[in-house]
Amino acid sequence: MGFKIDCPHCGPRSYHEFAFGGELRAFAFDRDEDTDYAAVWLRDNAAGVQLERWFHSAGCRRWLNVRRNTSDNTILEVR
Amino acid sequence: MSGLLRKRVYLRAVPAERSYDVVIIGGGGHGLATAYYLASRFGIRRVGVFERSYIGSGASGRNTTVLRANYKMPESVAFFKQSFDMYRELSTELDYNLLMSRRGLFWLAHSENSLRLQRERALLNQAFGVDTAFIGPAEVKELCPQVDLSAGGKGHPIIGASYHAPGSVIRHDAVVWGYAAAAMRLGVHVHQGAAVTGITIENGRAVGIETSAGRVSAGVVLSATAGYTSAVAKLAGVRLPLMTHPLQAFVTHAYRPILHRIVASSDMLIYVSQTSRGEILIGAEIERYNTYSTRSTYSFLAECASRAIDLLPFTAKLKILRQWSGLCDMSPDYSPLMGPTEVENFLVSAGWGTWGFKAIPASGVGMAELISRGTAPAAIAPFRIDRFKDDRAIPDRSSAGTH
């Protein structure tokens, strides 16, 4: 389960240095109630490749976009 | 014949029927309990339970077997009290020894905030007839002399606790097997090694499932798959407010009985109990990121063992036997999600996070009633899936923090 995230600013670091920011979601507030509800509460929670946010809290303190396979925690891309 | 001389066949493999009144996806405690109560209390016996692996291979076999009812929202206290009361009668009802053992459970407070929470918890529990008392450090030491009141002398001593005397442990595998065997005696089919690969939808309603063994039509499809609920719901095109997080635990070798109580600390994020086999069982909080990987980590083991030694110094001498990880489907308010979805005849029993095992009987009987009568009984009605839409969340994080 332990894995490393290759931070573009700091290099490869243990995931312990990062705070998880959840899956990347499209926000579309105030369109209508159902869209708001879906944006705020519902998640894909994908068992597979997921686009997500990580905050390098013990490093450069920048937000990163990460593509990770949630089945085995392989990091596919960090930006 | 009775007792030890009786030979019983627990799970006889039967070929899947082409159609069932109710198809349940997931052969864990919740799925099997729902099947059992459908057959025993509501006369619905054409029920098929489909389990991808073997029964109890998921969260039902990975939890830390603690039973308690000391929750902190009125809806939750009532629901978990019902569940606990059902557990007490369950060995008799299922005709299976579940090795339930009453231990008494502490939730230790090391901070003013935690102390306030434990005091409120005790008061609310008492109002619902649940035996939880607010106690001071001296009483903690008296009830459990092994506890180090200074918590390792690191500046966060134990300043109080809530003590839930009925807190118990039970054999989790036995619960799964007991429900499965009792359900099968009533005619329920339990299919192991049968993966569900699709849910058939016609005109907005679920009418069956695709399995590795072929297509099965169904009047009602229920997902009871805990960590994998989002993936199963996706087969029906349903999105849910769930995130799957891993929770790790480990046990030591078996030792003579030394720790009778269950010791938990929500400030230190740890809980410790001794199993009936003698192993000291130690667990903690979920990992903060979502994943479906069940690989264990050394960092967890090291941190958690160090906290256990702070709290219970005798554990420093123990040898670790094994470590494992399970998946928790966490809901936003730390309360379960039970009920219909926007797809007609597709129901979900989910959001069982870190608190699902102790809810099995009440959730099973509640879901069975919902399936047979079409309306949710009062005990589970507040936990409907779309409660976030109209601001009726049941926030109970402080009750879920540890186990």
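With which residue does B:Arg171 form a salt bridge, and how far apart are the closest N and O atoms? B:Arg171 forms this salt bridge with B:Asp173, and the closest N and O atoms lie 4.0 Å apart; a salt bridge here is a side-chain nitrogen of Lys or Arg within 4 Å of a carboxyl oxygen of Asp or Glu. B:Arg171 is partly exposed at 40% relative accessibility, and B:Asp173 is partly exposed at 30%, where buried means under 20% relative accessible area, exposed over 50% and partly exposed in between, with a 1.4 Å probe and protein chains only.

Before going on, note that this is a predicted model, in which local features need pLDDT of at least 70 and side-chain atom pairs count only at pLDDT 80 or more, while totals for chains, interfaces and linings use all residues. Residues are numbered from 1 along each chain as its sequence is written, chains are lettered from A and ligands numbered from 1 in the order in which they are written, and side-chain values use heavy atoms, with hydrogens and water left out.

**Exercise 1. Charged pairs**

Step 1. Over all chains, a search of the whole structure finds 23 salt bridges.

Step 2. For another pair, take B:Glu344 and B:Arg205, whose side chains meet in a salt bridge at 2.9 Å, N to O. B:Glu344 sits in the loop between β18 (337–340) and β19 (346–350) of chain B, whereas B:Arg205 is in strand β11 (residues 205–211) of chain B, 139 residues apart. B:Glu344 is partly exposed at 43%, and B:Arg205 is partly exposed at 37%.

**Exercise 2. One face of a helix**

Task: which residues of α3(B) are buried, and what do they pack against?

Step 1. Helix α3 (residues 112–127) of chain B has 16 residues and reaches 23 Å from its first C-alpha to its last, close to the 22 Å expected at 1.5 Å a residue, the expected span being 1.5 Å times one less than the number of residues.

Step 2. The buried residues are B:Ser114, B:Leu115, B:Leu117, B:Gln118, B:Arg121, B:Ala122 and B:Asn125. Seen down the axis of α3(B), these buried residues fall within an arc of 160°, so they line one face of the helix; the arc is that of the directions from the helix axis to the C-beta atoms.

Step 3. The buried residues pack against α2 (74–94), β5 (105–109), β6 (132–135), β7 (160–164) and α9 (397–400) of chain B.

Step 4. B:Gly129, whose phi is positive, near 75°, follows α3(B).

**Exercise 3. The interface of chain A and chain B**

Task: how many residues of each chain are in contact, and what is the buried area?

Step 1. Contact means heavy atoms within 4.5 Å, and 25 residues of chain A are in contact with 26 residues of chain B.

Step 2. About 2,200 Å² is buried between the two chains, of which carbon and sulfur atoms give 55%; buried area is the accessible area (1.4 Å probe) that two parts lose on being put together, summed over both.

Step 3. Across the interface the rule finds two salt bridges. B:Arg239 forms a salt bridge with A:Asp44, with the closest N and O atoms 2.8 Å apart.

Step 4. The elements giving two or more residues to the side of chain A that touches chain B are β3 (19–23), α1 (33–41) and β4 (49–55) of chain A, and α1(A) gives the most, with four residues.
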